[in-house]
Amino acid sequence: DFQNSLSNKTIEYLAGGLALTTGLDGKVRQLISDNDCGYLYSDQSASSYRNLLLEILADRQTLERRKKAARKLYQEQFRAESVYGDFKDYLFEVVVAHRRV
């Protein structure tokens, strides 16, 4: 089920402003695709990943842009202050709705 969830490590990488890489299908691939915060490769072979790393080394400008996108994504969607603030608001709404019943 790891492909259908985001690990803490993935979120820690985003917090550190690191561009993600994956050859797997699932949530991480979708996150990278939707936010341009990393790189995708088509299969899980060592040569495919090696080629991706060479591509990254050859285009540092794209790497820097994707690293910034990773950090921005973390700030907007995963930062504790945002997540817990939204969760607190949600719980408050549940309590208020329950009191009306």
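This is a predicted model: local features need pLDDT of at least 70, side-chain atom pairs count only at pLDDT 80 or more; totals for chains, interfaces and linings use all residues.

Student: How many helices and strands is that?
Tutor: Five helices and two strands.

Student: And what's the radius of gyration, next to that of a compact globule of 101 residues?
Tutor: The protein has 18 Å, whereas a compact globule of that length would be near 13 Å. Along the principal axes, the C-alpha atoms fill a box of roughly 60 × 30 × 20 Å.

Student: OK, what share of the residues is buried?
Tutor: 26% of the 101 residues count as buried. As for surface, the protein exposes about 7,300 Å², with carbon and sulfur atoms supplying 52% of that.

Student: What about contacts between residues 24 or more positions apart?
Tutor: Those make up 38% of the contacts with a separation of 6 or more.

Student: Switching topic: how many aromatic pairs are there?
Tutor: One, from a search of the whole structure. It's Tyr41 with Tyr49: the ring centres are 5.0 Å apart and the planes sit at 55°, so the pair counts as tilted.

Student: Is Tyr41 buried or exposed?
Tutor: Buried, at 17% relative accessible area. Tyr49 counts as partly exposed, with 28%.

Student: Last one, charges: how far apart are the mean positions of the positive and negative ones?
Tutor: 4 Å, for 15 positive and 14 negative charges.

Notes:
Residues are numbered from 1 along each chain as its sequence is written. Side-chain values use heavy atoms; hydrogens and water are left out. Helices (H or I, at least four residues) and strands (E, at least two) are DSSP runs, numbered from the N terminus. The radius of gyration is taken over C-alpha atoms; the globule rule is 2.2 Å times the number of residues to the power 0.38. Buried means under 20% relative accessible area, exposed over 50%, partly exposed in between (1.4 Å probe, protein chains only). Contact means heavy atoms within 4.5 Å. Accessible areas come from the Shrake-Rupley method with a 1.4 Å probe; for residues, only the protein chains shown count as cover. Lys and Arg count as positive and Asp and Glu as negative; His and the chain ends are not counted. The place of a charge is taken as NZ of Lys, CZ of Arg, CG of Asp or CD of Glu. Rings of Phe, Tyr and Trp (its six-membered ring) pair if their centres lie within 6.5 Å; planes under 30 degrees apart count as stacked, over 60 as edge-to-face and the rest as tilted.
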